[in-house]
Each structure stands twice: as C-alpha cells, then as structure tokens.
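Please read them with the coordinates open.

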Amino acid sequence: MTRLGQILPPAVIAAVGAWVAWISYTQQPADAFLFPRLISTVFVLLALWALGQAILGRARVEAGISWKALSNLAPGFLVLLVYVFWAAKSLGFYTATAIGFFLLLSLYDPGDHRAPRVWARRLAITAVFTLVMYGLFAQLLNVFTPREVLF
C-alpha cells in the first residue's frame, strides 16, 4: 500500500470526526448533545492518533480494501447515508433506527431469505435492538433524539 493510501483514510476520518464534533459543540440545547460530544471527541482523538502513526510510517497496514469487500460494504453504506441525512430526522430516531437496522440485518445476515423463521428472528432482533437504543438514550442518558412521525 502506498504512503498516501495509509495517510488518506485516517485523515478523512479525522476530518469527518472534527466536523461532527464541531456540530455537537455548537448546537443548542447543550444537554442534548452531551453523548455526541463525548463520542465525537473520542472519535477525533483516535483518528488523529491513527493519522500520526501513518505520517510517521508506523501504520501496520498490509493491504488496502479490495473491490470485492468494498462492493459488499456499499449497500450498508447507502443505508447509513439515507439514515443519517434523511431518515432519522424525517421518520424519527427510533423508527429510522428500527428500519435501518432491519435493512442492514437483512442485507448481511447469511440466513435463508426464503425462510419465514429467519425473517421472524430478524424482526425479533430488530425489536430488541430498538428497545435497547430507547433504554440507552431516552431512559439512561436522558438525551434528546430527532422526533417526527412515530416517536
């Protein structure tokens, strides 16, 4: 892998992390952004550490991501983009989270797509995941989430 190939990914991640951190530190009400501030700050620090390792030539990278792996990740990345830039705000955090998680689970679960039992398991896992998210954000952390259509 070229030196630029080692430096570019952590630089992009650090830039995205800095953007998310900046947004979380400049928005109001401040209490609603406590969790994003914490996560984005850690995200930026880790990305800067990885960037420093790459610049100093200490990155332990053998090879880049293959086109096959990238094509496997592309549908999930598309779901992520729709979730972040539209669904969470338009549908509400928990509704969009349930839909996004179910889509990701359906895309990447190797179970048979023709078996009703597998679909029932996916629905059950999605419901539990959404309840855990609700318990974490609404009950434990007491943070605001985007609210719209359902909740």
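1. What share of the contacts in the protein with a separation of 6 or more is accounted for by residues 24 or more positions apart? The share is 66%, where contact means heavy atoms within 4.5 Å.

2. A word on the basis of these values: this is a predicted model, in which local features need pLDDT of at least 70 and side-chain atom pairs count only at pLDDT 80 or more, while totals for chains, interfaces and linings use all residues. Residues are numbered from 1 along each chain as its sequence is written, and side-chain values use heavy atoms, with hydrogens and water left out.

3. As to the overall fold, the protein has five helices and zero strands, and its elements, read from the N terminus, follow the order α-α-α-α-α. Helices (H or I, at least four residues) and strands (E, at least two) are DSSP runs, numbered from the N terminus.

4. Of the 151 residues, 25% count as buried; here buried means under 20% relative accessible area, exposed means over 50%, and partly exposed lies in between (1.4 Å probe, protein chains only). The protein exposes about 10,600 Å², and carbon and sulfur atoms supply 74% of that area, as computed by the Shrake-Rupley method with a 1.4 Å probe, only the protein chains shown counting as cover for residues.

5. Helix 3 (residues 67–91) and helix 4 (residues 93–108) pack at an angle of about 170°, and their axes are 9 Å apart; the axes are lines fitted to C-alpha atoms, for helices over the stretch in contact, and the angles run from 0 to 180 degrees between N-to-C directions. Helix 3 and helix 4 are therefore roughly antiparallel to each other, given that angles over 145 degrees count as roughly antiparallel, under 35 as roughly parallel, 65 to 115 as roughly perpendicular and the rest as oblique. The residues of this contact divide into 15 nonpolar, five polar and no charged, with Ala, Val, Leu, Ile, Met, Phe, Trp, Tyr, Cys and Pro counted as nonpolar, Asp, Glu, Lys and Arg as charged, and the others, Gly among them, as polar. Among the residues that meet are Val-79, Tyr-83 and Leu-91 in helix 3, and Phe-93, Ile-99 and Leu-103 in helix 4.

6. Which residues form the largest nonpolar core? It has six residues, namely Phe-93, Tyr-94, Met-133, Phe-137, Ala-138 and Val-143, a nonpolar core being a set of buried Ala, Val, Leu, Ile, Met, Phe, Trp, Tyr and Cys residues joined through side-chain atoms within 4.5 Å. Helix 4 and helix 5 each supply at least two residues of this core, and helix 5 gives the most, with three residues. In soluble globular proteins, nonpolar side chains tend to be buried together.

7. Within helix 5, Met-133 counts as buried at 15% relative accessibility. Leaving aside neighbours within four places in sequence, Met-133 is in contact with Phe-93, Tyr-94, Thr-97 and Ala-138; the C-alpha atoms of Met-133 and Thr-97 are 8.6 Å apart in space, although the two residues are 36 residues apart in sequence. Ala-138, on the same exclusion of residues up to four places away, touches Tyr-94 and Met-133.

8. Thr-130 is also found in helix 5 (residues 116–140) and is buried, with a relative accessible area of 11%. Not counting residues up to four places away in sequence, Thr-130 touches Tyr-94 and Ala-98.

9. Turning to helix 2 (residues 34–55), Ala-54 lies there and is buried, with a relative accessible area of 1%.

10. Is Ala-11 buried, exposed or partly exposed? Ala-11, placed in helix 1 (residues 3–26), is partly exposed, with a relative accessible area of 28%. The C-alpha atoms of Ala-11 and Ala-50 are separated by 8.6 Å, the two being 39 residues apart along the chain.
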